[in-house]
Amino acid sequence: MILRTGVLGIMFLSMPALAINGEVRAATKTYDIELKKEDILNEVGAKKEFKWDLNGTYPGTAFCPDQDIRNQPIYYKAVMSAGLPSVGGGFVKLNEFLDLKVDIWIEGNRRAYVTAPFTEESNQGQFTCYKSKGSADFGFRSGSKGIVTFRVRKPIINGVQIDDHEIVEMFGRLGRTDSGFNNEVMSRIVIKSSVLYVPEKCTINGGQTIEVEFGDLPGSGLDGNNFEKTVPLNFVCSGGVFDQSSSLKINLAISGKPTSFSQNYLRTTRDGYKGGDVINNLGIKFKQLDGSTLNLNDWYPVSMQGNIGDWGFIAAPISPAGADVAAGDFYATGTIVASFQ
């Protein structure tokens, strides 16, 4: 087993379109927010803005097969990714360290940024679609630009990994109806996988990759207590508040994808670090150096002498009782992450 740092990718899919009178269809404009190792002031409440702008309009069509729609505004709806809870002020919680807010430009006579999520937001314009023609073509500016604002909710060490994440989708409809919106996405905003860096930095194991080799193992009897490997570690913290204080409290965790049979164990795969061919009955169990519990993705306090500290873990293969693991190589990948108070 080799333990390395890794990146998790997530894909989100949209529902197929449903036809309604007044629906707007346009080739989806996807805007990628790429942080490119940007720095952020590492204080609670500090903000960092990222803007996107198509610098023009994009074509779309409003459909009216049921009745004429005369001199009506276009209404917009924007939805946030599921599981991002509101934390007030237009912000949602992105992860343990960061909140975010998305403001989308609404054109027409409105000409204003509106914070997502929203429903039935009018562009205050006047547009017409005749039933005899069945549709009308327009050039859309709404959704072509906007602002993503990150806000620090908890001080960060080293940086925070942000995985590929679709955060907002916007939909349109011509005229006021009771039909709601279709599922044709007009504008989509995606955060691309990246790391948002801060001045504070903790270097673990001298910055070297941690590798743990288990060697040949039997296919059964892997109970998480035999074939253990002990990995002592040290870390040094510097920069930002570390240069101003020696009394910070540090928490460390091993972050990674869990097994199907326990959220506390790191999953294994057969295809190296690609993570596609998962071994469902084999994981890696961790303990602290004193033998106490060390669950995957849980935080544990560590002691420091000034800005220097020691930590470590014990790793062992584990499978469900009575399971037989097929012969072959296996791999696991995780990341040691840090936070401070």
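Two strands are taken to pair if DSSP finds at least two bridges between them, and strands themselves are DSSP runs of E with at least two residues, numbered from the N terminus. The model described here is predicted, so local features need pLDDT of at least 70 and side-chain atom pairs count only at pLDDT 80 or more, while totals for chains, interfaces and linings use all residues. Residues are numbered from 1 along each chain as its sequence is written, and side-chain values use heavy atoms, with hydrogens and water left out.

With that convention in hand, strand β4 (residues 58-63) is joined to β13 by six bridges, the two strands running antiparallel, and along this pairing P59 stands opposite G139 in β13. Both strands belong to an open sheet of three strands in the order β1-β4-β13, whose pairing is antiparallel. Its edge strands, each pairing on one side only, are β1 (24-26) and β13 (135-140). Neighbouring strands in this sheet are turned against each other by 30 degrees on average, direction ignored, where axes are lines fitted to C-alpha atoms and angles run from 0 to 180 degrees between N-to-C directions.

Another open sheet is formed by five strands in the order β2-β17-β16-β6-β11, and here the pairing is mixed. The edges are held by β2 (29-33) and β11 (118-122), each of which pairs on one side only, and the twist from one strand to the next averages 20 degrees. Within this sheet, β6 (residues 74-80) pairs with β11 in the antiparallel sense over three bridges, and Y76 stands opposite E121 in β11.

The side chains may be considered next. A nonpolar core is a set of buried Ala, Val, Leu, Ile, Met, Phe, Trp, Tyr and Cys residues joined through side-chain atoms within 4.5 Å, buried meaning under 20% relative accessible area with a 1.4 Å probe and protein chains only. The largest such core has 44 residues, and those with the most contacts inside it are L100, V102, I104, F150, I167 and V168. Strand β9 (residues 98-106) supplies the largest share of this core, five residues. A second, separate core of 32 residues includes F242, L252, W311 and V325.

I104 is found in strand β9 and counts as buried because its relative accessible area is 0%. V168 touches I104 and V102, and also, among others, M80, S187 and I189, when residues up to four places away in sequence are not counted and contact means heavy atoms within 4.5 Å. I104 and S187 lie 83 residues apart in sequence and 9.5 Å apart in space, C-alpha to C-alpha.

Definitions and conventions:
Buried < 20%, exposed > 50% of the residue type's maximum accessible area, 1.4 Å probe, protein only. Helix = DSSP H or I, 4+ residues; strand = E, 2+ residues; numbered from the N terminus.
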